Amino acid sequence: MSQRFPEPLARFAAASGIDVEPADLAHAWDVAVREVDGDPQECWGARLERAGELTGFRTRRFRSSITDVIRSTEAAVPVLIAVPAEDHSDQNWLCVTRRSGRSLRVESLKGSVKPRWVSHKQFVRLLGASDASAQVEWVRLEPLEHCGGTGSDVRTHHGGHSSHHHGGHSHLSPFSRLIGLIKPERGEIWTVFVYAIGVGILTLATPIAVEALVTTVAMSMMVQQLAILALLLLGCLGIASVLKAMQSYLVEILQRRLFLRVAADLAYRLPRVKTSAFDEQYGPELVNRFFDVLTLQKVGASLLLEGVGLVLQTVIGLGLLAFYHPYLLAFDVVLLGALLYTVFMLGRGGVRSSIMESRVKYEVANQLQELTRAPIAYRVEGGRDLALDRTDVLVRKYLRARTDHFRVVFRQTAFALGFQAIASAALLGLGGWLVMEGQLTLGQLVAAELIVATIAGSFTKLGKQLEGWYDLMAAVDKLGHLVDLPLERHDGEAFHTGRSPLGLSVELLHVGYGYGHGHDILSDVSLTIPAGGKLAVVGPSGSGKSTLSEILYGLRSVSRGRIEIDGVNLRDLSLTRLRESIALVQDVEIIDGTILENVRLGRNSMRSDTIREALESVGLWDELSHLPEGMHTRLSSSGSPLSRGQARRLMLARALAGAPRLLILDEALDRLDLDSRGLVIETLFKTNPAFTLILITHDEEMARLCDRVVVLAEGRATPKKLDAGQPDLGRWLMEMRECRSA
């Protein structure tokens, strides 16, 4: 691969809507070249993927016919790039940025082809393919953070490294978040505004035509003149209708893209959120805020289609009114003053009260969700009354918040309605007097009345639009709660394994960790585990055993001290690459999918025989084979139709299938029945697996099977001396079988 590759890649990223500095991308590419060894023609895809991780985009490679790709490419959606040549250092990178009908917008990333529109046949010739059915390799670049502008995080690049800084609470205003959210769509939004201006101007054809009609009728208008006037009005209103239809189509596209961007952004962020972010918040309840994207879609569409149109029609109408007479110009000033008073003075506290109402709404939803999350707890004596009492308290709180918010909306609506009546009557009186004084024609009076009727109608709809605006601000604020969740670091060097065929060595040096409430659960933990070693960690509940396992897996960062994996500081390693060599088994985590998908878990290169071996090692293969759909049986998030014990063994199989070099079992064996436990222990100890094992358990007999045992208590790890030494594994397993038979 040519070292000049970052330059065309930077152009491609820019065309894809990805904001990245060329210098950062060049540095990331250098890091990728160092980390991914091999023939450039063979590993260019892996290098591109690694460079994307460091700079904020995701690469997707696929082979497809030119026809299929062209058909699947919609207007102004993902940029595609074809790689037709076998020599990846000299090929011409062609970028498809848009499609319109049967034409494609194509540009060359190396400058050999100027940006232009080409037909399908011309595009096939540019690729050097024989026909449109030829299979070609494609690459798609996608931003990893679609909604970064809505969060309080600040992304900085230093030599290609990126970091996220999140406050514990959001500090961006809802309006600032909204600006960040719509910034990628600013081109289309400006187009909507242009259409709205056109509609507003053309809509004035009605009062102008009426003015001409009234004026000329008094002068005995001829039929031909009337016909021409009607045709002109029809033409203006017809064009306005076409513009409105184009507005509706464009706003619909914006709604789809908004949903896509928010969903894709959260799909990227949520798996990378720091575990500590959920110490005091329930993750699934927070994700309910995603449904506010529907509010963004509906209210945003209403404001773009109706709100913008009302504002522009009002401004244009007032401008036309001012040309009729100076007194009407003064009337315009009064109308504008009333409008500003309604929006800014009477609307004080509207956004704040809407956010409070939305917050309490989610508290009610969380309470109802809790009733299904803990079904047994709420069935005990008094549990049903507790459910009703808690819900009643929250509902009352919601009603108070709703009342406070409606008070703002109601006073704005009432003032707008009252002023509408006053403005209509005042204009009729003022205009009639001007007509009697000969300072205004009858046609101008009728036209002015129509214009004011339109403006007054805008006042009538003002309350609805303002309420929609408040809902929009509250929705953006709620989405900000998700976007503001702090993310794990994604920088760091790649983790190169292979120093020992037995597994990874682990060393903890004076490690401390606290949960922020003034008490350190780990104060001074020092441990050394050689490659291939088997360490058992025991201790009372709450001593920090699970915290220690999460620290080793990179889910939490130590407050002090350091951890070295194979002699490299954990802080310097890429967590993504590190977890390819480490497996952690804690609770049951079943994804909604098939058994095969639950074991493979996106690791598409995993072979079927590897999956079968992992399932056999935990005694699941025969049991799952008897299911009607076998490995393709679909599991719910609760694990059904598997039993709880089978689901726990499936978690072990998932970990073993990845061939980890460090396996951490956090009480994963304690919850298994004797038969299953014996089979798993035989796999972990008797077959001499090529991994280091850290076994967290409350079972002292099981702990004695390990090379060493440490007791974690009072924030420190103390070696435990065993009275009778290490037991014989074969005899231990035989005793377990005898106990099971008895």
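Biologist: In which helix does Glu-370 lie?

Modeller: This is a predicted model, in which local features need pLDDT of at least 70, side-chain atom pairs count only at pLDDT 80 or more, and totals for chains, interfaces and linings use all residues. Residues are numbered from 1 along each chain as its sequence is written, and side-chain values use heavy atoms, leaving out hydrogens and water. Helices are DSSP runs (H or I, at least four residues) numbered from the N terminus. Glu-370 lies within residues 350–373, which form helix α13.

Biologist: Does Glu-370 count as buried or exposed?

Modeller: Buried means under 20% relative accessible area and exposed over 50%, with partly exposed in between (1.4 Å probe, protein chains only). The relative accessibility of Glu-370 is 18%, so Glu-370 counts as buried.

Biologist: Which residues is Glu-370 in contact with, leaving aside its neighbours within four places in sequence?

Modeller: Contact means heavy atoms within 4.5 Å. With those neighbours left aside, the residues in contact with Glu-370 are Tyr-282 and Tyr-378.

Biologist: How is α11 oriented relative to α12?

Modeller: Helix α11 (residues 292–324) packs with helix α12 (residues 326–345) at an angle of about 150°, their axes 7 Å apart. Axes are lines fitted to C-alpha atoms, for helices over the stretch in contact, and angles run from 0 to 180 degrees between N-to-C directions. Angles under 35 degrees count as roughly parallel, over 145 as roughly antiparallel, 65 to 115 as roughly perpendicular and the rest as oblique. The orientation of α11 to α12 is therefore roughly antiparallel.

Biologist: How many of the eight residues of helix α16 are buried?

Modeller: Helix α16 spans residues 545–552 and is largely enclosed by the rest of the structure. Its buried residues include Lys-545 and Glu-550.

Note on methods. Helices (H or I, at least four residues) and strands (E, at least two) are DSSP runs, numbered from the N terminus.
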